[in-house]
Amino acid sequence: MVKVEIDEGSGFCFGVVTAIRKAEEELEKSGRLYCLGDIVHNSAEVERLREKGLLTISHEELKDLHDVKVLLRAHGEPPSTYELARQNNIEIIDATCPVVLQLQKRIKKSYDETIGDHPRPQIVIYGKRGHAEVNGLVGQTSGEALVVQNVDELDLIDYGRDILLYSQTTKSLPGFHEISAEIERRQVAGNSFKSYDTICRQVANRVSNLRVFAEAHQLIVFVSGTKSSNGKFLFEECKAVNSNAKMVTDCSELSSDWFDGIETIGICGATSTPRWLMEDVRDRILDMVGETDTVK
């Protein structure tokens, strides 16, 4: 008998849940809403909402819109987006995650406080270059913040200046601590260095829980969109403790030969993976393996 279990800790974080709720509330009223970028990095969920009337647009397309409503997703946006909306008489439905919004305010405060006779410290952000959240953070510094993705990029930092280090909210804690320790080691004597752990604990705490879940099953099926940085990171955490881990975007990518001789199957996903999609994968596995014991 095969046991199939969905990880209760997987799925949307509260920021994504809030963004989708706001989108659905507006769609129920008007049947049409624009969203700046994919509301979540999962194509199946984006398509579900598109069928309800949510239209995904780019920043270039935003410039041509006037007198409409636009949802800003959980990742957040730089000040220039709000200014453009004001100029084009666009009503913003702001679904920026509270954790991201608080980080934006902290970075802007740090940047603004350094204006004057004092040389401005270098603001460094540990994150993925070009990521929507990171673009919003860099925007708080008029584009001056330096983004570093790993230790190899720390040579880009000017150690002749004071340094302030922040992190994208969804990066890993070990990675942040490694970056912070290395910058501190390299900093020139007489110049200050301060690091601020701004990683979302709802996301960070998933790692330890997910590793326990992955170890408890013979096979892990990880469900995630291909655009999700968080999904790629969490999948690697699963593989670190369970080499028999497979990543799929939906149930169509399942292969029956994965289940030969397997008695326990765990299904989990990224912070951008909807619960209904993991349930679809579970139901398809049940069909493929026949008689099962499902843990819900």
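Trainee: At its relative accessibility, does H131 count as buried or exposed?
Mentor: This model is predicted. H131 lies in the loop between strand 6 (122-126) and helix 6 (132-139). The cut-off for burial is under 20% relative accessible area. H131 has 10% relative accessibility, so the residue counts as buried.

Trainee: Leaving out residues up to four places away in sequence, which residues does H131 touch?
Mentor: Contact here means heavy atoms within 4.5 Å. With residues up to four places away in sequence left out, the residues that H131 touches are H41, H75, Q168 and S229.

Trainee: Where is T96, and between which elements?
Mentor: T96 counts as buried because its relative accessibility is 10%. Beyond four places in sequence, T96 touches L72, R73, A74, G76, Y82 and L101. As for its place, T96 is in the loop between strand 5 and helix 5 (98-113).

Trainee: With which side chain does the side chain of T96 make a polar contact?
Mentor: A polar contact needs a pair of N or O atoms within 3.5 Å. For the side chain of T96, such a contact is found at 2.6 Å, and the partner is the side chain of D94.

Trainee: Which are the edge strands of the open sheet of 4 strands?
Mentor: The sheet has the strand order 3-2-4-5, with parallel pairing. From one strand to the next, the twist averages 35°. An edge strand pairs on one side only, and the two that do so are strand 3 (54-57) and strand 5 (91-94).

Trainee: Which residue is the bridge partner of C35 in strand 4?
Mentor: Strand 2 (residues 33-36) and strand 4 (residues 69-72) are paired in the parallel sense over 2 bridges. The partner of C35 in strand 4 is L71.

Trainee: At what angle does helix 1 run to strand 4?
Mentor: Helix 1 covers residues 14-30 and lies across strand 2, strand 3, strand 4 and strand 5. Its angle to strand 4 is about 165°.

Trainee: How does R21 count by relative accessibility?
Mentor: R21 is placed in helix 1. Buried means under 20% and exposed over 50%, with partly exposed in between. R21 has 39% relative accessibility, so this residue counts as partly exposed.

Trainee: Which element supplies the largest share of the largest nonpolar core?
Mentor: This core has 18 residues, and V221, L254, I265, I267, V281 and I285 are those with the most contacts inside it. At least two residues each come from strand 1 (2-6), strand 10 (219-223), strand 12 (264-269) and helix 10 (275-289). The largest share is 5 residues, and the element supplying them is helix 10.

Trainee: Which residues does I285 touch, not counting those up to four places away in sequence?
Mentor: I285 is among the residues with the most contacts inside the core. Beyond four places in sequence, I285 touches V4, V221, L254, F259, I265 and I267.

Trainee: How many disulfides does a search of the whole structure find?
Mentor: A disulfide requires two cysteine sulfur atoms within 2.5 Å. C200 is buried at 9% relative accessible area, and the cysteine sulfur closest to its own is that of C97, at 6.0 Å, too far for a bond. C238 is also in no disulfide, the nearest cysteine sulfur being that of C268, 4.0 Å away. For the whole structure, the number of disulfides found is 0.

Definitions and conventions
Residues are numbered from 1 along each chain as its sequence is written. This is a predicted model: local features need pLDDT of at least 70, side-chain atom pairs count only at pLDDT 80 or more; totals for chains, interfaces and linings use all residues. Side-chain values use heavy atoms; hydrogens and water are left out. A nonpolar core is a set of buried Ala, Val, Leu, Ile, Met, Phe, Trp, Tyr and Cys residues joined through side-chain atoms within 4.5 Å. Buried means under 20% relative accessible area, exposed over 50%, partly exposed in between (1.4 Å probe, protein chains only). Two strands pair if DSSP finds at least two bridges between them. Axes are lines fitted to C-alpha atoms, for helices over the stretch in contact, and angles run from 0 to 180 degrees between N-to-C directions. A polar contact is a pair of N or O atoms within 3.5 Å; within protein, one must be able to donate a hydrogen and the other to accept it, and residues adjacent in sequence count only if both atoms are side-chain atoms.
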